[in-house]
Amino acid sequence: MEKKAISVRTKYTLGGILFGLSFPIFSQFIDCLLNDLDFNWASIIIIHQRNVIHYVVDTAPIVLGAAGFLLGLTHQKKNDSNRQLRIINKSLDTLTYKITHDLRGPALNIKALTEILSTSNATLSDTKKEELIDKINESVASWLLTFEDFMSLLRHEKSGALEQKKCSLQDTVSDLIQVLDYDIQESGAKIKTDFTKGPFVFVSGIYLNSILKNLITNAIKYRHAEREPEINISSFDDDGMVKIIFSDNGSGIDLDKYGDKLFTLFERFGEKPEIQGSGIGLYLVKDQIEKNNGSIMAQSKPGEGTIFTIHLPITS
Amino acid sequence: MIDINIISNILLVDDDQTSIFLQQHLLTDVCNYTGKIHACHNGKVALDYLENKGEFKENGTSYPKPDLILLDINMPVMNGFEFLDRYVLLPKELKGGIVISMLTSSLNKLDRDKAKKYQDVSDFITKPITKEQLLGIVEKHFGERANS
């Protein structure tokens, strides 16, 4: 994008200069012709002395070049904002599509389920009624979950300048372990940390919290069916950056198949339909890391676990 | 109205278990359908079911070919359109006679237009599917069975 923006400006400037050059060349050529002079440096100096207007005409390449530069600048700005608008439009389209689908779906389910309950209440067995009520509860929960995910996405897209500061990894994870206490207890997850070799990162505290929260909840959510989740988070000093290794023993992802889509918005890979998700988490993780001038990479073996390698800045 | 039991095997492809539950309810409790219903939670599983591969191969039984497939669009692993792309390539004996109706909660016109491009898709229905729509599909595609 940057490269193309420069070329638009350069093109206009060069065009202005070249067009500008044609003025002095043409006028001097004519003047030589009218005065019966050969077209060379000596004649050019002579006609300049005879007719000072040539000095003014000589500035044409500079003036037109500058005009071209300004025109290119405006044009490029317009192009850029158009491009940005197109990107915003496109993500709005996807978002609208996802909202209609993901929020409409559970809402339709709730409507249909309550209709069954109210229209055929008398003929339903107690077990069937219970099943229906369970399904309604599930659908409401799923609706809320999706709604909250969308809200976090919208909040993220709207958020302006980052307030970056020195953040302690250990404090952030300790806070999260308290916040996620219920999920951790229920799943029997063990979280081991070692931040001695890289205790601090220079990032937005809110983002760091969100990044680690998403990764920990994912590790618990996509745990292996036959073992309790184990999460290891450690950090190291790596050439001016902090390298964070986040590994789990979960069900893993087939990266050969899905690798290119792993961090894409609204993509999901879980083979288990009972696990809820909206395909927003890892997209946010990557985006938030990149907004803090960091990077993230994933390695995974299906059935064995996943390792995320994250690099974040150590200072501003 | 047509008796739905002129067909005897229906395949539901949807990742949303409540949707499956509602479709089963519509079939058995509302339309009094007594035939087989099999549910797959994504396109990949449905393809395995049709080809008798994957999890369906191991348990040894061969599965009857469905008369009707109700296919959702948005599913993880393999969505409805990806399923159709693969389905087209299946040998004739595996897909002959199957009617596919797409079922989605999306209101997007693009999905509808895209579905129209697939010759194998006979209907496109926005959820929830009603008794009238379901019987309409059966009537349209299997009506001659009732007469013969």
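**Close-up views of a two-chain predicted model**

Eight bridges tie β5(A) to β7(A), and these two strands run antiparallel. This is a predicted model, in which local features need pLDDT of at least 70, side-chain atom pairs count only at pLDDT 80 or more, and totals for chains, interfaces and linings use all residues. Residues are numbered from 1 along each chain as its sequence is written, chains are lettered from A and ligands numbered from 1 in the order in which they are written, and side-chain values use heavy atoms, with hydrogens and water left out.

**View 1. The open sheet of chain A has five strands, in the order β2-β4-β5-β7-β6.** Pairing in this sheet is mixed; two strands pair if DSSP finds at least two bridges between them. Helices (H or I, at least four residues) and strands (E, at least two) are DSSP runs, numbered from the N terminus. The edges are β2 (190-194) and β6 (295-301) of chain A, each of which pairs on one side only. Neighbouring strands of the sheet are turned by 15 degrees against each other on average, direction ignored. For angles here, axes are lines fitted to C-alpha atoms (for helices, over the stretch in contact), and the values run from 0 to 180 degrees between N-to-C directions. As background, strands of a sheet pair through backbone hydrogen bonds, either parallel or antiparallel.

**View 2. Follow the strand pairs across the sheet, starting with β2(A) and β4(A).** Five bridges join β2(A) to β4 (residues 230-238) of chain A, and the two run parallel. Look for K192(A), which stands opposite N232(A) in β4(A). The next pair, β4(A) and β5(A), is antiparallel and has eight bridges; here I231(A) sits opposite D248(A) in β5(A). Two residues lie between the strands of this hairpin, where D239(A) takes a positive phi near 55 degrees.

**View 3. T13(A) is a buried residue of helix α1 in chain A.** That helix covers residues 2-34. T13(A) has a relative accessible area of 18%, and buried means under 20%, exposed over 50%, and partly exposed in between (1.4 Å probe, protein chains only). What does T13(A) touch, not counting residues up to four places away in sequence? The partners are G65(A), G68(A) and F69(A), with contact meaning heavy atoms within 4.5 Å.

**View 4. The second largest pocket holds about 490 Å³ of space.** Of the 21 residues that line this pocket, the closest to its centre are A112(A), E115(A), L26(B), P128(B) and I129(B). Helices α4 (60-119) of chain A and α1 (17-30) of chain B each supply at least two lining residues. The largest share, eight residues, comes from α4(A). On a 1 Å grid over the protein atoms alone, a pocket is an open set of points with protein on both sides within 12 Å along at least five of seven lines, a cavity is a set where a 1.4 Å probe fits but cannot get out, and lining residues have an atom within 4 Å of a point. Grid points are joined across faces, edges and corners, and a volume is the space filled by probe spheres set on the points.

**View 5. A cis peptide bond joins K127(B) and P128(B).** P128(B) belongs to the loop between β5 (121-126) and α7 (131-147) of chain B.

**View 6. The largest cavity has a volume of about 30 Å³.** A search of the whole structure turns up one cavity of 30 Å³ or more. Lining the largest cavity are S142(A), L145(A), T146(A), D149(A), Q276(A), G277(A) and S278(A).

**View 7. Two asparagines, N293(A) and N32(B), have positive phi.** For N293(A), phi is near 60 degrees; this residue lies in the loop between α10 (281-291) and β6 of chain A, and counts as exposed at 58% relative accessibility. For N32(B), phi is near 55 degrees. N32(B) is in the loop between α1 and β2 (36-40) of chain B, and is exposed too, at 51%.
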